[in-house]
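Subject: The structure we talked about

Hi there,

Here is the structure I promised to pass on. Have a look at it first, and then read on for my notes.

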Amino acid sequence: MPRNDEAGQSSRRSTLLGAILNQLPVGVYVMMNGEQIFFNQTFCQLVGYTRKEIQERGLLDLLKMTPHGENFARDIFNQIHAGKLNEFLWDNPLCRPDGSEVILRCLIRMVDLEGQDAIMIILRDITKRRKAENEALIQSERFTLICENSSDFIYVHDDQQKISYISPAIEKITGYKPEEWQQQTSTALCPGSRLENAKKATDLALETGEKQPPYLVDFIGRDGRYGVMEINETPYKRGDRVAGLMGVARDITDRLEAEEKLKRMYKEIEIHNSKLQRANREMEAFIYTVSHDLKAPIVTLQGMTERLIRKVHDDLDEKSQHYLERIKVNIERLEELVLDLLELSRIGRIEDAKEKFDAVVVLKEALEESGEATKSAEMKVVHPECLGQVWFSPKRLRQVFTNLITNAAKYCATDRLASLTITSERDDNFLNVSFTDNGRGIDPKFHKKIFEAFQRPGSRKDDEGSGIGLTIVKRIVEYNGGSIWVESREGEGSVFTVSLPMEKLHRKIVDERQEKESK
Amino acid sequence: MKTDNMVIVLIEDNPDHAELIVEALAENHVKNEIVWLDSGEKGLDFLLNRGDYATDNRTHRPMLVLLDIKLPGIDGIEVLKTIKESPEITDIPVVMLTTSREESEILKSYAHHASSYIVKPIKFCDFVEVMKNLNIYWTLAVLPHRGRTDE
């Protein structure tokens, strides 16, 4: 029964076709005269409705869920029906009833179904692809944003030695637009000997695929301005092959100029410094020579005056005796002054041997040395049994201490019991030894001045001495890496503090400290 | 040939200083002859019988040399060195005269075998002290004196 066979074959074929259609990764929907003819399983899954829901509501009702809506779809269908459109491709974002969002690519076309026009819709899920495309777009936009806005200019160099991209910053740097730059020859743009090395570095990077150290090239801008660029090139690969390199060029003309200027300034400062040092040394040598030469006439004056006094003193009237006496006193002061000057010039000239010892040892010696002064001032001196170890020249420290003690005695209070208290305190690598008296005190406006030579602020006529005692003290202390300062108010006593290194110090620490203090 | 072993040689360029020293000794009744030479060169010529003193018929072996540290031309230290390197006069005591107590100069003098030093202006008592320390005080011809001395 051939007919039956035929019917059976046709039925089998249509079952097979239905099964295949249901297996397709695309959604298929066929509609004729507004009636649903067929839709496959994938279509249901893509739109998110059950077969039953689609059958009951119809396609157009479902299209209400899309942003373009029902009317847009109806319009498309009509146009296709009327033969105005062959087919229509339409990316359609869709919100499924379960809330998930997809983007469906929708192909609508007319098909011939047993002599009648039918509309076939094919749906493809392009959500993932679209997402990837979007991300790529964002990336590329970002890259463009970076390239176009960087103040360095960025370029891409392919392995054919052709520049395929130059970012617009080149115009700001050279005055040339990217395409103008590409038209010029490299020797015209970048004169000078550096170009050879630059080319070598680029070739090496392309050959080996390894990043080369940054290099410099000279360039002449459109306006004739000379400049220097620093170039950083990074090769990139496609598979195993070096495909090209990306370069970043930075205008470092100003930086180089600034560096050059700084170097020149350093040099000038150095020259200036050595001049000052020389002047200082000459000054010291001069002071030494002058004060040394002054000694000879002073010796003569001393000797002759003494002999004169011995010879004629008793025969002179009172006034003349007084004159002679004043001459003698003044020669003594002159001698003291010259000796102090000699001492002052000696500190910088002669290196004294330093050692480590407890400062109290030297303090006791100094107290003994200045015993006469403290006794005549009736000054009570208090100090602890130990002060702490210091790294200093013992001879010089005794000079410092003696000076501070005799000063305290000289400027002691006359209306109350004079006292001097010596204490010590550790400060990092330094030992701060303080001399606290209850004497006349010093107005704060003179605190800096008293350490300068020949300054005796608020001096009274009975003040003896050259006025450089504290200058000598300051020089000794600083020369040995320490520092000295005073805290005092007029009438309220003074505290002189000497800060002495406890260990042999690195020169740098001393310099930093003294710099800090001078501020 | 006569040997003058009672002489004191004074090498000092400053005439005032020389005068003060000579007078201080005279005032205190030191009767030794004092020979004053105003430069290091002349001092060495005298001591070594050369130059102006080459034809001198005396051998100069003074009991003491007073030598100023600072001299123009040949410096005091140089003179001291030459004296100590000359065998015939090396044993004569040399006392350095200085205007200051600057240690470096004094140490340098001792390094070259100076016997002692005195700070100017010379006080007679300092001079006596040095003479006693050097054990040559007895060679001084001090007359019994009347009146006061320089302390």
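Below is what turned up, starting with the contact between the chains.

Please keep in mind that this is a predicted model.

**Where the chains meet**

Chain A brings 17 residues to the contact and chain B brings 19 residues. Together chain A and chain B bury about 1600 Å², and 50% of that area is on carbon and sulfur atoms. Four salt bridges cross the interface of chain A and chain B. In one of them R307(A) pairs with E27(B), with 3.1 Å between the closest N and O atoms. There are also seven residue pairs in polar contact between chain A and chain B, counting pairs with both residues at pLDDT 80 or more.

Which helices supply the side of chain A that touches chain B? Both α11 (253-312) and α12 (318-349) of chain A give at least two residues each. The largest share is from α11(A), with 13 residues. Sorted by class, the side of chain A that touches chain B has eight charged, five nonpolar and four polar residues.

**Salt bridges in general**

Over all chains, the structure holds 30 salt bridges. As a reminder, side chains of opposite charge can pair when their charged atoms come close. One to look up is the salt bridge between R255(A) and E259(A), at 3.6 Å from N to O. R255(A) and E259(A) are four residues apart in helix α11 of chain A, so about one helical turn separates them.

**A pocket in chain A**

By class, the lining of the second largest pocket counts 13 nonpolar, seven polar and four charged residues.

Most residues other than glycine have a negative phi, and most peptide bonds are trans. Two spots in chain B are worth a look with that in mind:

- K120(B) and P121(B) are joined by a cis peptide bond, with omega about -5 degrees. P121(B) sits in the loop between β7 (116-119) and α5 (124-133) of chain B.
- H29(B) is not a glycine, yet its phi is positive, at about 70 degrees. The loop that holds H29(B) runs between α1 (15-27) and β3 (34-37) of chain B.

Best wishes

Terms used:
Residues numbered from 1 in each chain as written. Chains lettered and ligands numbered in written order. Heavy atoms only, no water. Contact = heavy atoms within 4.5 Å. Buried area = accessible area lost by both parts, 1.4 Å probe. Salt bridge = Lys/Arg side-chain N within 4 Å of Asp/Glu carboxyl O. Polar contact = N/O pair within 3.5 Å; in protein donor to acceptor, adjacent residues only side chain to side chain. Nonpolar A, V, L, I, M, F, W, Y, C, P; charged D, E, K, R; others polar.
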